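This briefing goes through one protein model by topic, beginning with a single residue and moving out to the whole chain. Please keep the sequence and the structure in view while reading.

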Amino acid sequence: MIGLTELKIAEGHVIGNHSWSHPRLSEIAASDLAAEIEKTEYILEVTTGLRTLLMRPPYGAVNGDTLAN
Ligand SMILES: [Zn+2]
């Protein structure tokens with residue numbers, strides 16, 4: 001059975017990271033920020049075999065730590 005992510009890739013869509021639990025990334029600890037990104041990357045890689053270089057922060061909320069990561 002094909003999942004939504006695999007279907008979107010097969011249709012030619014670009015897949016990016018949008019965090020795991022959709023927090024305001026500018027308001028969470030650096031360790032939590034890393035976990036938000038890495039957990040999502042891990043699931044993407046396990047389910048599709050692909051990784052992404054794209055990240056769109058929820059709400060567009062960023063600060064120096066968000067941009068550095
Ligand atoms: Zn969103």
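Threonine 48 belongs to helix 2, which covers residues 30–48. The model is a predicted one, and its mean pLDDT is 89.

- Threonine 48 counts as partly exposed because 16 other C-beta atoms lie within 10 Å, whereas a buried residue needs 20 or more.
- Beyond its neighbours within four places in sequence, threonine 48 makes contact with Thr5, Glu6 and Ile9.
- Threonine 48 and proline 58 are ten residues apart along the chain, and their C-alpha atoms are separated by 22 Å.
- Helix 2 is made up of 19 residues and spans 27 Å from its first C-alpha to its last, close to the 27 Å expected at 1.5 Å a residue.
- Just after helix 2 comes glycine 49, with a positive phi of about 80°.

**The loop between helix 1 and helix 2**

- Serine 19 is located in the loop that runs between helix 1 (4–10) and helix 2.
- The phi of serine 19 is positive, at about 85°, although this residue is not a glycine. Most residues other than glycine have a negative phi.
- Setting aside neighbours within four places in sequence, the contacts of serine 19 are Leu25, Glu36, Ile37, Thr40 and Pro58.
- One of these contacts, glutamate 36, is 17 residues away along the chain, yet the two C-alpha atoms are separated by 5.1 Å.

**The loop between helix 2 and helix 3**

- Tyrosine 59 sits in the loop between helix 2 and helix 3 (64–68).
- Like serine 19, tyrosine 59 has a positive phi without being a glycine, here of about 65°.
- Is tyrosine 59 buried or exposed? Tyrosine 59 is exposed, because 12 other C-beta atoms lie within 10 Å and the exposed class takes in residues with 12 or fewer.
- Asparagine 63 also has its place in the loop between helix 2 and helix 3.
- Asparagine 63 has 13 C-beta neighbours inside 10 Å and therefore counts as partly exposed.
- In sequence, asparagine 63 and leucine 25 are 38 residues apart; in space, their C-alpha atoms are 8.0 Å apart.

**The protein as a whole**

- The secondary structure consists of three helices and zero strands, and the pattern along the sequence is α-α-α.
- Along the principal axes, the C-alpha atoms fill a box of roughly 40 × 20 × 15 Å.
- Of the 69 residues in the protein, 7% are buried.
- Among contacts with a separation of 6 or more, 64% are between residues 24 or more positions apart.

**Confidence**

- A pLDDT of 70 or more is reached by 97% of the residues.
- Where is confidence lowest, and where is it highest? The lowest mean is 79, in helix 1, and the highest is 93, in helix 2.

Conventions:
Residues are numbered from 1 along each chain as its sequence is written. This is a predicted model: local features need pLDDT of at least 70, side-chain atom pairs count only at pLDDT 80 or more; totals for chains, interfaces and linings use all residues. Helices (H or I, at least four residues) and strands (E, at least two) are DSSP runs, numbered from the N terminus. Two residues are in contact if their C-beta atoms, placed from the backbone, lie within 7 Å. The expected span of a helix is 1.5 Å times one less than its number of residues. pLDDT is the predictor's confidence in each residue, from 0 to 100.
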